[in-house]
Amino acid sequence: MFLNPLVRICFYLSFSLTVLMNQTILILGIGVIIIIGLLYLNRNLFPEVLVRIIPFFRFFPYMAVLYVGFSILLTTATMSEILIEIGFASLKILLMVSIMALYIEQSLSSGVLLALRSLWSTLNRSWKWVEDFFLFFELTFRFFPTFQKEWESTHKGKSALGLNANTTRWTQIQNIGHDLPGIVLRNYRKAEETSKMMKLRGYGKQIPRGVAFPIRFYLSDGLFIIGIICCFFGVNFLGKI
């Protein structure tokens with residue numbers, strides 16, 4: 001079933017905040033069941049989600065050691081209480097990382113910005129600063145993948161030539177500082193040329209701008225969002241009882 005991108009992001013953000021604010025095992029257990037259900041429904045995305053959450057397991061031992069150490073030094077809690085707290089907190093973080101990783105994989109082409117622009121165009125407000133705001137993010141999202149690919153290409157090229165072999169962490173930081181300004185400057189010039197072309201094609205003469213392929217926002221979408229928000233407040237209210 002197709003969900004409006006605004007409904008989807010509202011659901012995932014509400015779920016993440018609920019997990020973060022939760023203080024009960026029952027609600028956390030319900031969250032685990034929901035996560036498992038979502039991963040099953042989107043099992044084709046599971047390998048990509050797993051890749052995104054692997055860093056959590058890499059850094060978990062360091063976080064656990066620091067947490068236990070500071071808890072022993074600064075609190076009077078017993079070891080069993082410390083372990084329960086760190087397990088509870090770690091499960092909450094894992095759920096948040098998993099749900100947002102799933103959202104990112106689902107929303108690579110969901111068009112949240114396009115949905116917002118479509119909704120804004122229906123309001124028919126002549127506020128240029130809003131159009132500039134949308135344009136800023138559109139250019140950012142457009143050139144970030146290019147920036148990322150260029151950065152990866154530079155890094156792989158140096159690795160292929162053996163320039164990154166046996167380098168210290170400080171040397172790697174120096175190399176990043178040397179390469180990064182040039183990549184940023186090239187992408188800035190690309191963005192500047194794009195903005196000039198948009199002005200030549202009449203950007204700013206029609207406010208609000210039209211949307212070539214709008215994503216319609218229906219009454220059912222609004223009801224979904226209201227229902228999600230009500231569930232969010234309801235669950236957090238029950239969690240405090």
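Good morning. Let me begin with a pair of helices: α2 passes α4 in a left-handed crossing. Please bear in mind throughout that this is a predicted model. Helix α2 covers residues 25–41 and helix α4 covers residues 79–106. Their axes come within 11 Å and cross at roughly 30 degrees. Angles under 35 degrees count as roughly parallel, and α2 is therefore described as roughly parallel to α4.

I turn next to the surface. Which residues make the nonpolar surface patch of about 440 Å²? The patch is made by Phe59, Phe60, Tyr62 and Met63. One of these, Tyr62, lies in helix α3, which spans residues 46–74. Is Tyr62 buried or exposed? Its relative accessible area is 57%, and because the cut-off for exposed is over 50%, Tyr62 counts as exposed.

My last topic is charge pairing. As a general point, side chains of opposite charge can pair when their charged atoms come close. How many salt bridges does the model contain? The count comes to 1 salt bridge. Lys128 forms a salt bridge with Asp132, and the closest N and O atoms of the pair are 3.2 Å apart. Both residues belong to helix α6, residues 128–160. They sit 4 residues apart in that helix, which is about one turn.

Partly exposed here refers to the range between the buried limit, under 20%, and the exposed limit, over 50%.

Thank you for your attention.

Terms used. Residues are numbered from 1 along each chain as its sequence is written. This is a predicted model: local features need pLDDT of at least 70, side-chain atom pairs count only at pLDDT 80 or more; totals for chains, interfaces and linings use all residues. Side-chain values use heavy atoms; hydrogens and water are left out. Patches are made of residues with over 30% relative accessible area and no salt bridge: like charges are joined within 9 Å, nonpolar side chains (Val, Leu, Ile, Met, Phe, Trp, Tyr) within 5 Å. Accessible areas come from the Shrake-Rupley method with a 1.4 Å probe; for residues, only the protein chains shown count as cover. A salt bridge is a side-chain nitrogen of Lys or Arg within 4 Å of a carboxyl oxygen of Asp or Glu. Helices (H or I, at least four residues) and strands (E, at least two) are DSSP runs, numbered from the N terminus. Buried means under 20% relative accessible area, exposed over 50%, partly exposed in between (1.4 Å probe, protein chains only). Axes are lines fitted to C-alpha atoms, for helices over the stretch in contact, and angles run from 0 to 180 degrees between N-to-C directions. Angles under 35 degrees count as roughly parallel, over 145 as roughly antiparallel, 65 to 115 as roughly perpendicular and the rest as oblique. A crossing is left-handed if the near helix is turned anticlockwise from the far one by less than a right angle, and right-handed if clockwise.
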